[in-house]
Amino acid sequence: MLNINGLQASIDTDAGAKEILKGLNLEVKAGEVHAIMGPNGSGKSTLASVLAGREEYEVTGGKVDFEGKDLLELAPEERAGEGIFLAFQYPIEIPGVSNATFMKTAVNEIRKYNEKEELDAVSFLKLMKSKAAEMEMDSSLLTRALNEGFSGGEKKRNEIFQLAMLEPKLAILDETDSGLDIDALKIVANGVNRFKNKDNAVIVVTHYQRLLDYIVPDFVHVLYQGRIVKSGTKELALELEAKGYDWIKEEVNSITSK
Amino acid sequence: MTTTLDDIKSTFLAPFEELAEKVSEITNTDKVSQGKKAALEAIERNSFPTIKNEEWKFTELKSILSNKFELQSKEDALSSDIDLNEFDYFLNKNKDLNSHILVFINGHFSDKHSSIKELKGNKISIQTLSNTKTDNPIFDKFERDSVSIFSDINAAFATDGYVIELTDNQELELPVFVYFINDASQKNTLSQVRNYISVGENSNCTVVENYITKGENPNLINTITSVNVGSYANVKHLKIQADAKSQFQIGSTHAWQADKSSFTNTTISLAGKLIRNDLRIISGEYCESFMNGLYLLNEKTHVDNHTVIDHQRPNSYSNEMYKGVLDGKSRAVFNGKIFVRQAAQKTNAFQSNKNVLLSDDAILNTKPQLEIWADDVKCSHGATTGKLDEEALFYLQARGIPKQKAKSLLLQAFAEEVLDSIEIDVLREFLTNEIENRLSIS
Ligand SMILES: Nc1ncnc2c1ncn2[C@@H]1O[C@H](COP(=O)(O)OP(=O)(O)O)[C@@H](O)[C@H]1O
Ligand SMILES: [Mg+2]
C-alpha cells in the first residue's frame with residue numbers, strides 16, 4: 001500500500017535549511033498496523049506531515065509510492081481523496097467553520113474525488129450522528145466551530161471521529177494518545193480498532209507503549225535522527241518501555257562513528 | 001503645460017455652471033436654500049483634497065478628477081430603457097424580499113421603477129427630495145456637515161434623493177430598498193443624491209442603499225445621507241456597494257442620535273473603482289451605535305472607509321467592526337476615529353479592524369484614532385492584518401477539501417461576523433453567496 005524509499009526532507013529555518021528526514025524507508029501493507037516510536041525531535045511528526053502533503057517541508061530526496069501512485073506529486077486534498085488520513089498531533093482550531101459543515105464538505109469532496117455521488121443532508125446527518133455516538137462525543141461538539149475551545153481530549157476524539165467518517169485507506173495517527181486519560185484512550189483506541197480491517201492500514205506514532213496495549217501493532221519501528229534505525233514486532237515496544245531510548249542511541253552512534 | 005489644481009476644479013465644475021447661477025440667485029430664506037448658497041461659497045473657497053491632506057492621505061483623487069463628467073437631465077435619465085431585472089444585484093427580483101422600492105437613475109427619481117407599499121395614515125412618509133419643499137420643517141432638524149468639497153458640491157447641486165420621515169411611535173415594518181443606478185453605458189455620468197432620514201421618538205426603520213452601475217464609462221456618484229434618530233428610536237442604515245465595477249463613489253453618512261437611541265450603519269463594499277465612505281455619528285446619552293463594515297476587494301478596487309463616532313454625552317456604547325479581504329492589486333484604507341468628550345463619562349467604545357491579504361500586491365492602510373477627554377471610560381481598539389492561516393488551510397486540505405474551497409470556507413467564516421448582523425434574510429443570503437462565488441474563483 002505504502003512504500004517509502006530513501007525519503008529526505010528539510011525545513012527552512014532562520015539558520016538555513018535544516019534536514020530532518022535523512023533517508024527513511026518504510027513499507028506498509030494492507031491489513032497491517034505499524035507503530036513508529038522514537039525520542040522527541042527525531043522526525044515522527046515531520047514524516048506524518050510530509051505524507052499528508054504539508055508544503056512547509058521540502059522533500060529533497062526519495063520516493064513515496066501509495067497504491068501505485070507517486071504520492072509526492074499530489075496536493076494534500078488529492079492525497080486525502082486517495083485515502084491518506086492524518087490525525088494531527090495538534091489539531092488546529094478554526095473559528096467560524098462549524099464542525100458539521102466542515103465534515104460534510106470533507107466527506108462530499110472526497111466522494112466527488114472518487115466519483116461517488118455526494119451524500120444528501122439526511123444521510124449525512126444520520127452517518128454523523130452514529131459515528132459521533134460511537135466516539136461518545138457530545139452532540140454540541142458537532143455544531144460548534146471546529147475544535148474551537150475543545151479540550152485536548154475532545155480534539156483527539158474529534159480526529160478519530162473524522163477518521164470514522166472519512167474511512168481512508170491509510171490512517172496516520174500522530175500521538176493521538178498524548179494528553180488522554182485512560183477512559184478517553186480506550187474510546188480512541190476502540191474507534192481505531194472499529195475502523196481497522198484487512199483492506200486498510202494504520203501507522204501509529206506514539207511515545208508510549210500504553211496505546212499499543214489497545215491498538216496492537218504488527219510492526220514496531222524506532223525513528224531516530226531522521227531514519228528508521230530499528231524495526232521489530234510488538235515486543236520491541238515493551239523493550240523500549242522498559243529500557244528507554246538510550247541503548248538505541250548508543251547503538252546508532254557507535255555505528256555512525258565507526 | 002501642467003494641470004493646476006484650479007484647472008482640475010474648473011473642469012469638474014464646468015457642467016454645473018448653469019446650476020450655480022440659479023443657486024446664486026436664490027432669495028428664499030429657508031435653511032435648505034440658504035445652505036445651498038453657503039455651499040456655493042464654500043465651493044469657491046475650497047479645492048479638492050490631495051494626499052497632503054491627512055484625511056485623504058491614501059486616497060488619490062486623480063483617477064476621478066481626470067475624467068470629464070456630464071450631468072444628465074431628468075428627461076434623458078428616465079428615457080433610457082432600464083430593466084432592473086438585468087442587474088444581478090436587483091434584490092427585489094427575489095419574491096421573498098418584501099420591501100418598499102425607490103429607484104434613482106443618474107440622480108433622478110424613476111417613478112415607474114419604484115413602488116412604495118401602502119403606508120397607514122400620514123405618520124410615515126417616503127418621499128423624494130424634489131417633491132419636498134425646501135421650507136419643510138423636516139430640514140430644520142439637520143445640521144450642515146461638510147466632509148470635503150464634495151459635500152459642498154452635493155449640497156449645492158444634488159438633483160434628488162429620498163426623504164424618509166417617521167413621526168413618534170412609528171414602525172416602518174418593511175425595509176426601504178433604495179437603488180442608485182448610474183447609467184454609464186453612453187456617457188461619463190455624474191450623479192448626486194442627497195438623502196434624509198428623520199425618525200421620531202420611539203420609532204424604527206431600516207433603509208438599504210444599493211449602488212449599481214450599468215455600462216463601462218467612468219461614472220461618479222456623490223451622495224450624502226443625513227439621519228436624525230429620535231430618543232428611543234432605532235434606525236438601521238445599510239450601504240451595499242456590490243455591483244458597480246466602473247463606479248467612483250464619494251459618499252457620506254451623518255447620523256445624529258438623540259438620547260437613548262440606537263443606530264446601526266452597515267457598509268459592504270464588493271466592487272467599484274474608487275470608493276470613499278465617510279461615516280460620522282454624534283451620539284447622545286445612553287445611546288448605542290454600531291458600525292459594521294465588510295470590504296471584499298479584488299483587481300484595482302480602492303475602498304477608503306473613514307468613520308467617526310463622537311461621544312458627546314455620558315453612558316453610551318459604540319461598537320465598530322470592520323473586516324476586509326484584499327486580493328489582486330486592491331487597496332483598502334480604514335480610519336476609525338473615536339472621540340470621547342469630557343462630558344461623556346462612562347462611555348464604552350470598541351473598535352476592531354481585521355484584514356486578510358490574499359495577494360502580495362494588495363495594500364492596506366489602517367489607523368485607529370482615539371481622542372479621549374473623559375477619564376472614566378472603557379475604550380479598546382485593535383487592528384490585524386495577515387495572510388490566511390496556512391495551518392488552518394492545510395488542515396482543511398488534509399481532509400480532502402480543495403484549496404480554493406478551503407480558502408473560501410475560511411474567508412466566509414471571517415466575513416460571517418459582519419454578515420450575521422444583517423437581519424434581512426434575502427440580503428444576507430445574497431451577500432453570502434456573492435462572497436462564496438467570488439472567493440471560489442479568485
Ligand atoms: N516547522 C519547523 N521549524 C523548525 N524546525 C522544525 C519544524 N518542524 C520540525 N522541526 C524540527 O525537526 C525536528 C523533528 O521534529 P518532529 O518531526 O516534530 O519530531 P517528533 O515528532 O519526532 O518529536 C526537531 O528538531 C524539530 O525541532
Ligand atoms: Mg511529534
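## A salt bridge between two domains

The side chains of B:Glu423 and B:Lys236 come together in a salt bridge, with a distance of 3.5 Å from N to O. This pair belongs to a predicted model, in which chain B is divided into domain 1, covering residues 69-387, and domain 2, covering residues 388-442. Across the interface of these two domains of chain B, the rule finds two salt bridges, and the count of residue pairs in polar contact there, both at pLDDT 80 or more, is four.

## The side of domain 1 that meets domain 2

Several strands of chain B, namely β7 (204-214), β9 (234-243), β11 (262-269), β13 (288-297), β15 (317-326) and β17 (348-357), each supply at least two residues of the side of domain 1 that touches domain 2. Sorted by class, that side of domain 1 of chain B has 18 nonpolar, nine polar and seven charged residues.

Between them, domain 1 and domain 2 of chain B bury about 2,300 Å², and 76% of this area is on carbon and sulfur atoms. The C-alpha centres of the two domains of chain B lie 25 Å apart, while the contact takes 34 residues from domain 1 and 21 residues from domain 2.

A:Asn147 is placed in the loop of chain A between β8 (145-146) and α6 (152-166), and with a relative accessible area of 0% it is buried.

In chain B, the phi of B:Asn106 is near 45°, again a positive value in a residue other than glycine. B:Asn106 sits in the loop between β1 (100-105) and β2 (108-109) of chain B, and it counts as buried because its relative accessibility is 3%, where buried means under 20%.

Terms used. Residues are numbered from 1 along each chain as its sequence is written. Chains are lettered from A and ligands numbered from 1 in the order in which they are written. This is a predicted model: local features need pLDDT of at least 70, side-chain atom pairs count only at pLDDT 80 or more; totals for chains, interfaces and linings use all residues. Side-chain values use heavy atoms; hydrogens and water are left out. Helices (H or I, at least four residues) and strands (E, at least two) are DSSP runs, numbered from the N terminus. Buried means under 20% relative accessible area, exposed over 50%, partly exposed in between (1.4 Å probe, protein chains only). Domain bounds come from an automatic or database domain assignment. Contact means heavy atoms within 4.5 Å. Buried area is the accessible area (1.4 Å probe) that two parts lose on being put together, summed over both. A salt bridge is a side-chain nitrogen of Lys or Arg within 4 Å of a carboxyl oxygen of Asp or Glu. A polar contact is a pair of N or O atoms within 3.5 Å; within protein, one must be able to donate a hydrogen and the other to accept it, and residues adjacent in sequence count only if both atoms are side-chain atoms. Ala, Val, Leu, Ile, Met, Phe, Trp, Tyr, Cys and Pro count as nonpolar, Asp, Glu, Lys and Arg as charged, and the others, Gly among them, as polar.
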